[in-house]
There are 2 protein chains.
Amino acid sequence: MTEPGTARLSREEQVLERIERVRRRPRVRESHITLAHGAGGKATQTLVEALFVERFRNPALEALGDGAVLAVDGGRMAFTTDSFVVSPLFFPGGDIGDLAVNGTVNDLAMCGARPLYLSAGFILEEGFAVDDLRRIVASMAAAAERAGVAVVTGDTKVVERGKADGCYVTTAGVGVLDRDLELGAAAVRPGDAVLVSGPIGEHGVTIMLARGELEIEADLASDTAPLHGPVAALLDAVPGGVRVLRDATRGGVATVLNELARAAGAAVVVRESAVPVRPVVHGACELLGIDPLYVACEGRFVAVVDGDRADAALEALRAHPLGEDAAIVGRVEAEPAGMVLLETPIGGTRIIDMLVGDPLPRIC
Amino acid sequence: MTEPGTARLSREEQVLERIERVRRRPRVRESHITLAHGAGGKATQTLVEALFVERFRNPALEALGDGAVLAVDGGRMAFTTDSFVVSPLFFPGGDIGDLAVNGTVNDLAMCGARPLYLSAGFILEEGFAVDDLRRIVASMAAAAERAGVAVVTGDTKVVERGKADGCYVTTAGVGVLDRDLELGAAAVRPGDAVLVSGPIGEHGVTIMLARGELEIEADLASDTAPLHGPVAALLDAVPGGVRVLRDATRGGVATVLNELARAAGAAVVVRESAVPVRPVVHGACELLGIDPLYVACEGRFVAVVDGDRADAALEALRAHPLGEDAAIVGRVEAEPAGMVLLETPIGGTRIIDMLVGDPLPRIC
């Protein structure tokens with residue numbers, strides 16, 4: 001069978017092309033799973049592309065969005081899942097329960113969908129306190145109510161002591177696309193503006209502080225929140241002007257921008273001074289030796305919008321309680337394709353790569 | 001607000017009714033999670049009803065089917081999830097990968113839905129062999145292809161060594177209801193026939209043998225298989241005649257029948273001699289000291305059908321490769337409501353309760 005696009009190539013060219021394709025194919029070089037494979041950065045991406053996408057191959061999965069957009073019965077729906085293994089289970093501003101609900105609601109929102117229904121799968125460790133489970137479930141129910149979704153189906157498994165860490169939650173969600181949208185990295189073009197919906201890194205730093213790994217106390221809480229509200233405000237304000245939406249979870253804003261730059265074949269240039277970071281997050285990140293751009297948020301998203309309509313987009317976001325500190329942080333340029341550059345306040349420029357390793361394990 | 005049905009009760013009657021409702025409300029008496037809470041029997045049911053249903057309250061969840069049936073955009077869809085923690089990960093006849101795909105396909109099939117899309121959430125233990133993950137993913141891909149579904153979205157988390165057991169998989173699935181069906185325990189009535197689609201207990205016994213807990217070797221493999229094919233054959237053969245479908249996983253056929261009897265407010269009478277059990281399963285169950293009726297299948301289902309059309313239903317099932325050993329095993333009677341009775345070959349009758357405790361942990 002002739003593969004599409006190769007019909008007019010000579011046999012030699014076809015062989016060379018095939019070699020090149022194999023060469024470029026992502027490969028997992030490690031023989032065993034490391035924490036980095038779960039960190040959301042480079043190792044995760046390679047694992048996903050080399051193992052999962054390679055085997056499951058289908059257009060919805062290959063789009064590699066926060067969820068899959070599917071044609072069902074004439075309409076379009078979004079479908080997504082996330083597993084949550086955050087440690088500790090309870091932290092300032094939330095717990096694994098509302099984190100799981102908001103996380104799945106947000107993945108649907110990033111597809112441009114109206115979240116409707118959630119499922120919840122629990123993996124519990126023998127000996128886990130029933131009262132803690134009760135608290136998690138109550139928090140899920142409250143988050144679901146806040147987001148206007150219903151948890152309609154679930155499952156519970158129990159493993160022996162020492163085969164889990166209290167409680168893991170996997171949520172999946174479905175939503176419908178009411179709008180005629182084609183969101184995705186493919187729509188991104190030079191001249192577009194890059195926005196973030198609020199101050200970054202608060203969730204990740206809150207978790208690190210809750211673990212007591214830094215000997216500081218700070219008045220800080222997770223940013224976990226359902227984002228379909230500000231997303232709807234944005235989509236209403238600049239119809240047809242939003243290119244792509246991504247929530248900045250594992251790997252943070254830097255990783256999201258790298259994925260977008262790579263997928264769009266364009267450059268993203270970020271002005272460091274424009275990125276909203278609260279002083280306490282900044283301080284904690286300095287102690288941790290990590291750039292806030294790599295720290296997970298659970299209630300912030302990145303939006304790439306038509307550059308000419310960036311101000312209207314910003315205004316719409318800022319008018320929403322969950323976007324009041326939104327900011328235009330950068331722009332899309334043609335070159336250097338696939339890269340993210342940071343303009344520093346002192347006039348320098350440096351490359352911001354994807355997250356490598358796992359400086360902040362089990363953040364969500 | 002007056003609650004429906006209470007409008008004509010006196011204030012005193014209303015108070016008494018409310019007290020009675022609270023008294024009947026399921027309560028988790030244990031302070032900590034035990035393996036029994038994950039076994040699919042009585043403890044699981046209490047946990048689900050007392051914690052999850054109580055908090056998440058919505059009609060789709062309260063139906064307590066294998067999945068939720070939902071109205072979306074004028075049509076009807078089914079949505080379901082299951083977490084898989086089976087040990088060992090690889091066993092004769094399958095592995096955690098095809099088990100997870102088939103399990104979710106089957107939950108959709110039991111709703112009368114045509115399975116379409118699956119999600120997969122992986123929780124991996126640091127140090128897990130990448131080749132084992134590759135093998136699991138390959139097995140999922142093959143099972144998805146066999147069942148005609150696509151894995152369209154997923155997530156991967158990694159936890160530290162000793163915080164999981166290699167690999168846990170949570171699948172969720174969506175499907176559409178092409179048929180105008182109202183399946184559910186509410187449709188069950190005296191005179192209905194009870195069928196099983198094939199010999200029971202093979203999956204559970206295979207897992208126990210694979211763990212080496214019995215010092216016997218047997219030519220036995222898991223029955224894991226996608227059941228939407230035989231279900232479609234059944235629904236086509238007796239349109240309007242199928243009351244309810246349930247796959248007999250954790251807790252086995254006995255637990256499914258107890259749930260149905262309770263929900264339908266009817267009795268189920270099973271003829272022990274009519275229940276298909278392979279001799280090797282029978283033998284292993286004797287050694288384990290457990291009734292095959294409580295042992296999980298992953299490729300068999302229970303169908304309650306109109307008693308007058310039981311023969312046509314049986315014929316249709318037997319004509320399908322995954323139902324060739326199907327059997328009519330019992331009937332529904334009015335009394336004693338909520339109970340399952342077993343007629344033994346020697347003319348006796350005994351009560352078959354739900355599964356209590358967890359004789360076979362981590363079977364799926």
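Predicted model: local features only at pLDDT ≥ 70, side-chain atom pairs only at ≥ 80, totals over all residues.
Local features need pLDDT of at least 70 and side-chain atom pairs count only at pLDDT 80 or more, while totals for chains, interfaces and linings use all residues; side-chain values use heavy atoms, with hydrogens and water left out. Residues are numbered from 1 along each chain as its sequence is written, and chains are lettered from A and ligands numbered from 1 in the order in which they are written.

Start with the annotation. For residues 189–337 of chain A the figures are 34% helix and 18% strand, with 11 Å between the end C-alpha atoms. Helices (H or I, at least four residues) and strands (E, at least two) are DSSP runs, numbered from the N terminus.

Next comes the sheet. In chain A, seven strands line up as β9-β11-β8-β12-β10-β13-β14 in an open sheet with mixed pairing; two strands pair if DSSP finds at least two bridges between them. Axes here are lines fitted to C-alpha atoms, for helices over the stretch in contact, and angles run from 0 to 180 degrees between N-to-C directions. Inside the sheet, β8 (residues 193–196) and β12 (residues 327–333) of chain A run antiparallel and are joined by four bridges, with A:V194 opposite A:G330 of β12(A). Helix α4 (residues 96–110) of chain A packs on the sheet, touching β9 and β11 (301–305) of chain A, and its direction makes about 165° with that of β9(A); contact means heavy atoms within 4.5 Å.

Helix α4(A) also packs against α5 (residues 130–147) of chain A, at about 30° and with the axes 7 Å apart. The two are therefore roughly parallel to each other (angles under 35 degrees count as roughly parallel, over 145 as roughly antiparallel, 65 to 115 as roughly perpendicular and the rest as oblique). Their crossing is right-handed; a crossing is left-handed if the near helix is turned anticlockwise from the far one by less than a right angle, and right-handed if clockwise. Residues in this contact include A:I96, A:V101 and A:V105 of α4(A) and A:I136, A:M140 and A:A147 of α5(A). By class, the contact has eight nonpolar, three polar and one charged residues (Ala, Val, Leu, Ile, Met, Phe, Trp, Tyr, Cys and Pro count as nonpolar, Asp, Glu, Lys and Arg as charged, and the others, Gly among them, as polar).

Over in chain B, α4 (residues 96–110) and α5 (residues 130–147) pack at about 30°, axes 7 Å apart, and cross in a right-handed sense.

Back in chain A, α6 (residues 202–210) and α9 (residues 279–288) pack at about 60° with their axes 10 Å apart, and are therefore oblique to each other. Their crossing is left-handed. Here A:E202, A:V205 and A:M208 of α6(A) meet A:V281, A:A284, A:C285 and A:L288 of α9(A), giving six nonpolar, no polar and one charged residues.
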